[in-house]
Amino acid sequence: INAVPASPLTHSHASWDIHFNDLHLELARNSYLSQYLKLRIHVGLQGSWIDQDYHVHQTLTDGSSARLSLNQDFWGIGLRAGLNTAWQFTHNFSFYGNLAAAILWGQFDLDRKDRATVNNVTTTNIHTGVNPHTFEPVLSLGAGLKWEIWFSQDRFHIAFAAGWEHQIWILQNEFIKVPTETDHIGDLVLQGLTIGGRLDF
């Protein structure tokens, strides 16, 4: 934290909150290269809202303390395209692998506040904000296992899938830094187990 009182640190606590919202509108086409391989090519629009809050509270041996608050809100809209594959090994089960890329035009709302408390007097050392526009590249990867079934003379289709998804938001973390802090812009990486289902008719 900038301008922390020069005394040994006794306690430090940090918290990070993220609110992630992502909406896709797609036009897609399914095709069968063989009885074992299915492809789904899609293009469309993507709209996203990502809000991040990072807070740090430090306590020193002389009783003074310092607080840091970093806030970053982002919205963006743009084009998205990708390819979904399904490698069928039985009539109902398949391995899937999906790849998509997007480029979003959007805006950041960045704020930073540094405060120090010495002898019960709180001083704000930094309080600033900026609202830059930018282009945001996004890469999405996913792979896993899918089960599906057709019924009522193939007029209805049900599918369930479970796998691992990985999203890379390139240069998404643009928290405001001061010249003495060496870390700069970084990527936001989201990954984890994804479970989904669908009904087609």
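Which strand gives the largest share of the nonpolar patch? The strand is β3, which contributes three residues. Please keep in mind on this tour that the model is a predicted one.

**The nonpolar patch**

The patch sits on the surface and is formed by Leu23, Leu25, Leu45, Trp49, Trp75, Ile77, Leu79, Ile103, Trp105 and Phe135. Together these residues have about 1,100 Å² of accessible area. The elements that give two or more residues to the patch are β1 (9-32), β2, β3 and β4.

One member to look up is Trp105, which is found in strand β4. Is Trp105 buried, exposed or partly exposed? Its relative accessible area is 38%, so Trp105 is partly exposed.

**The strands around β3**

Now for the pairing. Strand β3 covers residues 65-88, and strand β2 covers residues 37-60. The two pair in the antiparallel sense, with 23 bridges between them. To find your way along this pair, look for Gly44, which stands opposite Arg80 in β3. Four residues lie between β2 and β3, and the two strands form a hairpin. In its turn, Gly63 has a positive phi of about 90 degrees.

Strand β3 also runs antiparallel to strand β4 (residues 93-118), and 24 bridges join the two. Here Gln88 has Ser94 in β4 as its bridge partner. β3 and β4 form a hairpin too, with four residues between them.

**Two residues inside the strands**

Thr85 lies in strand β3. Thr85 is buried because its relative accessible area is 15%, and buried means under 20%. Leaving aside neighbours within four places in sequence, Thr85 is in contact with Lys38, Leu39, Phe95, Tyr96, Gly97 and Asn98.

Gln52 has its place in strand β2. With a relative accessibility of 1%, Gln52 also counts as buried.

| Residue | Partner | Distance |
|---|---|---|
| Thr85, side chain | Trp87, side chain | 3.4 Å |
| Gln52, side chain | Trp16, side chain | 3.0 Å |
| Gln52, side chain | Asn173, side chain | 3.1 Å |

Last, a look at the backbone in two loops. Most residues other than glycine have a negative phi. Asn120 lies in the loop between β4 and β5 (121-130). At 77% relative accessibility, Asn120 counts as exposed, because exposed means over 50%.

Ser152 also has a positive phi, about 55 degrees, although it is not a glycine. You can find Ser152 in the loop between β6 (133-151) and β7 (156-173). Ser152 has a relative accessible area of 29%, so this residue is partly exposed.

Conventions:
Residues numbered from 1 in each chain as written. Predicted model: local features only at pLDDT ≥ 70, side-chain atom pairs only at ≥ 80, totals over all residues. Heavy atoms only, no water. Pairing = 2+ DSSP bridges. Patch = residues over 30% accessible without salt bridge, like charges linked within 9 Å, V, L, I, M, F, W, Y side chains within 5 Å. Areas by Shrake-Rupley, 256 points an atom, 1.4 Å probe, with all protein chains shown as cover. Salt bridge = Lys/Arg side-chain N within 4 Å of Asp/Glu carboxyl O. Buried < 20%, exposed > 50% of the residue type's maximum accessible area, 1.4 Å probe, protein only. Polar contact = N/O pair within 3.5 Å; in protein donor to acceptor, adjacent residues only side chain to side chain. Contact = heavy atoms within 4.5 Å.
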